[in-house]
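Reader: I would like to learn how to read a fold with some care, going from its sheet to its core and then to its backbone. Could we take one model and work through it together?

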Amino acid sequence: MMANFMAIIDRSYYPLIINIKDKKVRMNPVLTSLKEIKPRYIGLWLKDQLSRPDWFSNMVVERSAWGAFSIYAHARRSDGKAKAAYTTKMDAEGSALKMSKKYGVRFVTYKCLFCDGWHVSKTSDPMPASVEGKTPAEEYSATEVNSLRGMDMEKVLSQNIPDLAPVYGGLRGRTLSSARQYYAWRPLVDAGLRQIIDLRADYKSDAYRKRCEEFGISYYHYPVVRGGKLENEMADHFPELCALIDKGHFYIACAHGLHRTDIALCLYWVFYAADKGIAPPPIRGYREDKGLDTHKIMRALNEMTSI
Ligand SMILES: [Zn+2]
């Protein structure tokens, strides 16, 4: 299984010397990242990210380069040494604000997954929202609109599909398979929809696939198993799922388009997209404001790393 992941995320990396706790490691940075992440920090990191109104754009550590799950969130790329670490989030935020003002670009903070501390990282974005007067919410929606990549946003949003949201150049929301959503098919296909990704493990009927044929688009079934148990099938077909998400113009959904959809998109992001500098997905199901927490996402991620 890991070999599959490596095949897709390993293409452009070269071995480097990395310092972890003064231990020099010469190996593939992706392998190092997966080996050296401390699972006990993941909960704190995720909780912090999800507590921010603008976490979607905030969390990307150097948008053009690496995510927090890469060893380079902790080690400098120039010499592999650990970046300056702050003991508390507040210390890191203070430093980030100072540097943002000094250099005129946005600096972000994040809980490191490799050490006890918090780090500050430069981004290629202009001044932080709070300094320039743009609210995090405005920035968030701008990012979401951009993520539609040529799909007709106005047409898509006027369909009133429950929990609909743009993600990675495609869409997520309640499944389109029920007769109640039939009205939305023609407008969505006209707006640029080309691919259905069905995450329901318990769905055995052919009706959804046939509906896709009727409208001339592709159907892909990627069952996400509930209750934290990931079957080998999920791991085996993971590269196909990633390739389809990369193409955009998809509609990804479980039944309600909430929880298993969160899990599938987080798997895509953590194991595939983060290292390419792609932003994390908007979480719709496992949100604190809905009285839920992210432990099921965490469990799915943990199981994926142990396959
Ligand atoms: Zn660190």
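Reader: How many bridges join E6 to E9, and do these strands run parallel or antiparallel?

Author: Strands of a sheet pair through backbone hydrogen bonds, and the pairing may be either parallel or antiparallel. In this model, which is a predicted one, E6 and E9 run parallel and are joined by 2 bridges, with Leu-171 having Tyr-251 of E9 as its bridge partner. E7 also runs parallel to E9, through 4 bridges, and here Ile-196 is the residue that stands opposite Tyr-251.

Reader: What is the order of the strands in the sheet, and which strands are at the edges?

Author: The sheet is open and has 5 strands in the order E5-E6-E9-E7-E8, with mixed pairing; strand E5 (165-167) and E8 are the edge strands, each pairing on one side only. From one strand to the next the twist averages 25 degrees.

Reader: Which strands does helix H10 lie across, and which does H12 lie across?

Author: Helix H10, residues 207-214, lies across E7 and E8 and runs at about 155 degrees to E8. H12 lies across strand E6 (170-172), E7, E8 and E9, and its direction is at about 140 degrees to E7.

Reader: Are the faces of E9 covered or uncovered, and how should I read its side chains?

Author: In a regular strand the side chains alternate between the two faces of the sheet. For E9, Phe-250 and Ile-252 are buried on one side, while Tyr-251 and Ala-253 are buried on the other, and both faces are therefore covered by the cut-off that 20 or more other C-beta atoms lie within 10 Å. Setting aside its neighbours within four places in sequence, Tyr-251 is in contact with Gly-170, Leu-171, Leu-176, Leu-188, Leu-193, Ile-196 and Ile-197.

Reader: Which residues touch the most other members of the largest nonpolar core, and which element supplies its largest share?

Author: In soluble globular proteins, nonpolar side chains tend to be buried together. The largest core here has 43 residues, of which Ile-197, Leu-199, Tyr-251, Ala-264, Leu-267 and Tyr-268 touch the most other members. Among the elements that each supply at least two of its residues are strand E7 (195-200), strand E8 (218-224), helix H12 (238-247) and helix H14 (295-306), but the largest share, 11 residues, comes from H13. Apart from this core lies another, of 17 residues, including Ala-73 and Cys-112. As for H13 itself, 15 of its 15 residues are buried, and the helix reaches 20 Å from its first C-alpha to its last, close to the 21 Å expected.

Technical notes. Residues are numbered from 1 along each chain as its sequence is written. This is a predicted model: local features need pLDDT of at least 70, side-chain atom pairs count only at pLDDT 80 or more; totals for chains, interfaces and linings use all residues. A nonpolar core is a set of buried Ala, Val, Leu, Ile, Met, Phe, Trp, Tyr and Cys residues joined through C-beta atoms within 7 Å. A residue is buried if 20 or more other C-beta atoms lie within 10 Å of its own, exposed if 12 or fewer, and partly exposed in between; C-beta atoms are placed from the backbone. Two residues are in contact if their C-beta atoms, placed from the backbone, lie within 7 Å. Two strands pair if DSSP finds at least two bridges between them. Axes are lines fitted to C-alpha atoms, for helices over the stretch in contact, and angles run from 0 to 180 degrees between N-to-C directions. The expected span of a helix is 1.5 Å times one less than its number of residues.
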